[in-house]
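User: I would like to learn how to read a few local features of a protein model, taking the backbone, then the rings, then the surface. Could you go through them with me?

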Amino acid sequence: AGTLRGLGSATVGQNIVQSLMRSAPDHEFDFWIPEEWDSSFALEDTRVQFHSVKPGASRKFFQENVQLRRRIKQWNPNCVFSLGDTSLPWSKAPHLLLVHTAYLAYPRSEMGFQPDTKLRMRTWLQERQLGKRSVSAFTVQTEIMRQQLMMRWGIDKDIIHVVPSAIDIPTRAPSEAAHESTEPPFIIYPASPSPHKNHDV
């Protein structure tokens, strides 16, 4: 999960980490997470080890190709779950990859905008690190992402699973004042201002 640093993706990653710990009480976990995540919720859990991951493409490349490969060989896990779109480490264990960045599923001609140099480079690197050979299964957030990954990368549809992500909604009831408001309805849109989010639509 070392690349999940944005607000939305970090929320998804943290929820997955905590859900795994709750749903698999007999398992041990070795999490590689961004250094800014709050991991205090699991500090006293003896089943869990955390490794702090710093930002930067060069660090990511080193960690995935050297440190994480070394850790997989040393620890010999039953399965590997990569949360950050790409997957360089190779493992004999079953390997699940979460693809949550939409533009990995679309060719540049269908993006609907002109990516800047930074995004073009990032996309180019991610496309070459998708890890098709080392991944046993993929998970995506929408059916259209599943269809696009199948068409663009020739991935077998049977190994791509749709698992929608959602934001956390407060459980308290809205106030009476909200019901009585005469103002028009509003849409809450939790997203970064990146052009691939398609704000115009």
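User: Where is N76 placed?

Analyst: In this predicted model, N76 sits in the loop between α2 (57–75) and β3 (80–82).

User: How should I read the phi of a residue there, and is N76 buried or exposed?

Analyst: The general idea is that most residues other than glycine have a negative phi. Against that background, N76 has a positive phi of about 50° although it is not a glycine. With a relative accessibility of 57%, N76 counts as exposed, because the cut-off for that class is over 50%.

User: How many aromatic pairs does the whole structure contain, and how is a pair classified?

Analyst: A search of the whole structure finds two aromatic pairs. In the pair of F29 and F31, the ring centres are 5.3 Å apart and the planes stand at 5°, so the pair is stacked; the reasoning rests on the cut-off that planes under 30 degrees apart count as stacked. F29 and F31 are both buried, and ring pairs link F29, F31 and F50 into a cluster.

Key:
Residues numbered from 1 in each chain as written. Predicted model: local features only at pLDDT ≥ 70, side-chain atom pairs only at ≥ 80, totals over all residues. Heavy atoms only, no water. Helix = DSSP H or I, 4+ residues; strand = E, 2+ residues; numbered from the N terminus. Buried < 20%, exposed > 50% of the residue type's maximum accessible area, 1.4 Å probe, protein only. Phe/Tyr/Trp six-rings, centres within 6.5 Å; stacked < 30°, edge-to-face > 60°.
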